[in-house]
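Dear colleague,

Please find below the structure that I am handing over to you. My notes on what was found in it follow directly after.

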Amino acid sequence: MLPDNTSPSLTKVSTTATQAASPDTHADTHCCYCAMQCQMRLTETLEGVTVQGLDHPINKTKLCVLGQNSVSLFDHKERLTQPLVRKNGRLVPVSWHEAMKKVVDGFKSIQKRSGNSANAVYSGASVSTEKAYLLGKFARVALKTPHIDYNGRYCMSSAAKAAIMAFGLDRGMNMPLEDIPKHDLIVLVGSNPAATLPIIMNYLLDAKKQGTQFIVIDPRKTITANLATLHLPVKLGGDLALANLLLKHIIAGGHQNADYIAERTNNFDNVKSYLKSLTAYSLSRETGLDDTDVAQAVQLLTSARHPLILTGRGNDQNSRGVDSTLAFINLALAIGANYGTLTGQANGQGGREHGMKADQLPGYRLISDTAARQQVSELWGIAETELPQAGYSAYELLQAVGQKEIHGLFVLGSNPVVSSPDKDNVKAWLKDMRHLVVVDNFMSETASLADVVLPGSIWAEETGTTTNLEGRVVLREALKPPPQGAKTDLEIIIEIAQQLGSTAFEYDLSQPELLPEYINDEFRLATKGAPADYFGISYARLRQGEELFWPCPDESTTGVKRIFEKGFAHPDGKAKFQVIPFTTLAETQSIEFPLQLTTGRYLQHYLTGNHTRRSPMLSKKMPEPYVEIHPDTALKLKLTDGELARLKTRRAESLFKVKLSSKIRPDVIFIPMHWEGEQGANRFTSTALDPQSKMPEFKAAAASLTAVPSMDDLIEDDGMNTLTNANRASSMVFSSSVIPTGIPTVIPQDIPQANTGSNLSLFSFDP
Ligand SMILES: Nc1nc2c(c(=O)[nH]1)N[C@H]1C(S)=C(S)[C@@H](COP(=O)(O)OP(=O)(O)OC[C@H]3O[C@@H](n4cnc5c(=O)[nH]c(N)nc54)[C@H](O)[C@@H]3O)O[C@H]1N2
Ligand SMILES: Nc1nc2c(c(=O)[nH]1)N[C@H]1C(S)=C(S)[C@@H](COP(=O)(O)OP(=O)(O)OC[C@H]3O[C@@H](n4cnc5c(=O)[nH]c(N)nc54)[C@H](O)[C@@H]3O)O[C@H]1N2
Ligand code: SF4
Ligand SMILES: [Mo]
């Protein structure tokens, strides 16, 4: 039973403020972590910075444990406050003048020796839209390179691609959070919002209280799955087959929504005949699910009046993530359901719209679009012919570093050495390259390899806008400037561009606090008339507390909350069913690697953990990663809870502490992605990419797990145990028959009552 505590959160963090704090300076901002973008008030008191959730439509005063701990970033003793330059193999502190000279000389000499395309930019969607926009301009105009991509390639690229194909436009949820409880059936596919978008749980719980049924599709019975009327512990990557199987059954029973299909969609008949060519038996085998569970899912889907299907990264982070997502969109369209994908990063939506993507210009337009090229190059003061065409996607860009095609790399807002697949290779490539420049606020694994590290700002040190998972634009006000020695990210980007000689970056640097609004005004012009039109969204309106959604073409409108209410974004206003040829995951199990490894998140840590592992409270709550395994499998492999085991895939091996959980499929093991070094999840993942989106296969790798002999065993039998255990693992072959069926659904008392304030321990790790 989870406590009902509806009090707002208030966390006080004692700091040793380096700057004289005037009592009670405050700023209203939005959280630096997930895509909910909860509103918070930061107050600087003599004892340090405090945080309080505000009564905003998104979060209604609540903050999760990450938001509450965001203030631990202020005045942290490990904060980067000096530029560092590599000398004799070591990073040493230098003046800004020396560091900037090294940065600029490095990029210029590469331009001269190897051409403009030998430099590149790699960014992330934690940063504000102003920075995202400016980074796109920086790459194309100051560095004059086509190569810029960002961590969203590893995040939303498959879901975004699928939405564009099916609907003609990608705006994550398509509708506001307030609509969630209006649905009588909610299907969550590969999403664990109790840990990853905790405050959205309030909306899901409201729905549950009103009688909404839930289907949760996840190989683990997560805390989120406590909501479920039906939990489907799908085989890794079985989502594509499952969506097809459900649709096949629905069509066979004549339960499709014929009116909706006729009025609002195209291409249904082709999907219908394609599905006829697939047998239910072969699809069912791919799902790894019990037929009775699938039948119950069909029954729930066909009896719902207002269903909603929401997909997350468990569904789309593999080498056919676009297809899996399209298959669920087909299912949604066939029954007239709403569909959304849950964006992850703080500015995951805004970050994927305005030119940080390799093939994109601001406003969610392709860089190959002639009219867009004309508009944007005019605004930037260059000839259209000077604007580069599309560059490499994220992983391809890193591969080009490895192949010595790209020699100079500017990284801001990402930690690719930890977040990229098969990361040991990426580490070697970046270590070996000629000129790596990283702007970060804390030393990351990527920054530690750099030739120059520049100390940038944290979120609350620079005003900026973000777009949350609903498509709502919010304003984050700065609390204070960066600490002595650090600069704001915008200042750093502009200074480098100016020193590279770009006349398109003649911004006034004398008052850095004015830059964000100035750049926002330019950015709004760059999106005028585009699909993601932000022209009507000004700082003044946001400061007045207006609720604004994109597209918002002028100041007379507040934008569009329900973007597909009247029609989809294809020219005929209809959504397009997609025929999806069946393919399998890139990596298959073998005698040597009989298990399937998947990776994901803990509530207490954020992405590569560069911030959250430094929070004393969060790292105390979750100090290390575990490998999660089903007790039956563990028994066969002679693994004990809390003991070390050797995890191995075709790329790497390392030791992890075992965590037994009866809530995970017996053929699946799970590790989190938040640690670096030996326990970095991406030492184990494969480099297979989705051919359409270039998303890596983060969520499925063939693996083995073997017991590590204790010192006593080693002394007794001379290390032969390792061999014995490895052989034991090899002899295990898993089939769907091992999956426990009839996982009990939750009794109402077990459902979290509210996801509130300081009581977020209620979502503490309990897989
Ligand atoms: N606390 C916290 N919150 C975060 C983040 C964080 O790092 N920490 N990151 C943010 C970001 S950037 C993102 S993108 C989101 C991600 O948010 P989610 O998508 O919710 O996160 P994941 O844990 O990656 O994956 C969700 C679930 O997918 C399941 N899964 C794994 N493989 C499969 C599969 O083949 N099929 C299906 N159906 N399910 C599978 C996993 O068991 C897991 O429970 O979270 C955001 N919020
Ligand atoms: N195995 C596996 N790998 C994954 C995933 C998975 O589920 N499994 N998920 C993928 C997903 S969904 C994502 S989004 C990516 C994330 O991958 P990354 O982008 O590599 O992860 P972050 O931890 O967000 O890295 C952000 C870096 O920028 C810094 N930073 C944060 N804010 C700012 C800022 O305002 N200014 C500056 N200058 N620096 C800042 C942080 O300190 C940190 O070093 O990882 C992907 N990789
Ligand atoms: S749910 Fe938590 S991490 Fe996400 S924005 Fe809100 S407070 Fe921040
Ligand atoms: Mo993400």
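A polar contact is here a pair of N or O atoms within 3.5 Å; within protein, one must be able to donate a hydrogen and the other to accept it, and residues adjacent in sequence count only if both atoms are side-chain atoms. The model is predicted, so local features need pLDDT of at least 70 and side-chain atom pairs pLDDT 80 or more, while totals for chains, interfaces and linings use all residues. Residues are numbered from 1 along each chain as its sequence is written, chains are lettered from A and ligands numbered from 1 in the order in which they are written, and side-chain values use heavy atoms, without hydrogens and water.

Oxygen atoms of ligand 1 lie 2.8 Å from a polar backbone atom of N192 and 2.9 Å from a polar backbone atom of R313. D218 places a polar side-chain atom 2.7 Å from an oxygen atom of ligand 1. Of the 920 Å² of accessible area (Shrake-Rupley method, 1.4 Å probe) that ligand 1 has on its own, the protein covers 99%.

The shell around ligand 1 holds 32 residues (a heavy atom within 4 Å), the closest being T196, D218, D239, R601 and H605. Both domain 2 (157–341) and domain 3 (595–744) contribute to this shell, so ligand 1 lies between them; the domain bounds come from an automatic or database domain assignment.

With a disulfide taken as a pair of cysteine sulfur atoms within 2.5 Å, the count is zero.

With kind regards
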